[in-house]
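Hello,

Here is the structure you are taking over. Please open it first; my notes follow below.

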Amino acid sequence: MNTNCPLCTSDGGELIWKNHELRVILANEPELPGFCRVIWNEHVAEMSDLSLDQRGRLLHIMFLIEKTMLEVMQPNKVNLAALGNMVPHLHWHIIPRFKEDVFFPGSAWSEKQRESNAAHLQKQLVKVPVMVKRLQDLLGHA
């Protein structure tokens, strides 16, 4: 644990599920409903810090989230990103992307391309609890 690391000292968002190795959270990104993060519990910076088995378990969870996100949220695309430039604690961003979102087609960290679409956001916000429940059910058996 690194006491200077925000991902060591907090869940990093709304906790969806956690085990001894990792946790899945719902990020608080108002313009990107359904945005999840998978965070490795131990303070490591890179995928190569994990054993092959650990990497496999992490990827299994990530792909389960991606598949669930595609089924429930029905985005145009799902972005997977592991940057860690600002917070060097291994975590992956799993982001449902829609042509209507304010950043599309750029990344979630790009300049806004358009004004926020309230109708689109409301339509997606309704799906988030359904996705969270399905993830909790699936991850409970993972």
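A residue is called buried under 20% relative accessible area, exposed over 50%, and partly exposed in between, using a 1.4 Å probe and protein chains only. By that rule Cys5 is buried, because its relative accessible area is 5%. Cys8 is buried too, with 16%.

Before going on, note that this is a predicted model: local features need pLDDT of at least 70, side-chain atom pairs count only at pLDDT 80 or more, and totals for chains, interfaces and linings use all residues. Residues are numbered from 1 along each chain as its sequence is written, and side-chain values use heavy atoms, with hydrogens and water left out.

Back to the cysteines. A disulfide here is a pair of cysteine sulfur atoms within 2.5 Å. The structure holds 0 of them. Cys5 is in no disulfide, and its nearest cysteine sulfur, that of Cys8, is 3.9 Å away.

Next, the backbone. Most residues other than glycine have a negative phi, and most peptide bonds are trans. Gln74 is not a glycine, yet its phi is positive, about 55 degrees. Gln74 sits in the loop between α2 (52-73) and β4 (77-81). Helices (H or I, at least four residues) and strands (E, at least two) are DSSP runs, numbered from the N terminus. Gln74 counts as exposed because its relative accessibility is 55%. The peptide bond from Phe104 to Pro105 is cis, with omega near 10 degrees. Pro105 belongs to the loop between β5 (91-97) and α3 (118-139).

Now look at Arg97, in strand β5. Is Arg97 buried or exposed? Arg97 is buried, at 1% relative accessibility. Its side chain makes a polar contact of 2.8 Å with the side chain of Asp101. (A polar contact is a pair of N or O atoms within 3.5 Å; within protein, one must be able to donate a hydrogen and the other to accept it, and residues adjacent in sequence count only if both atoms are side-chain atoms.) Leaving out residues up to four places away in sequence, Arg97 touches residues including Leu32, Asn79, Phe103 and Phe104. Contact means heavy atoms within 4.5 Å.

One last item: Cys8 is likewise in no disulfide, with the sulfur of Cys5 the nearest cysteine sulfur at 3.9 Å.

Best wishes
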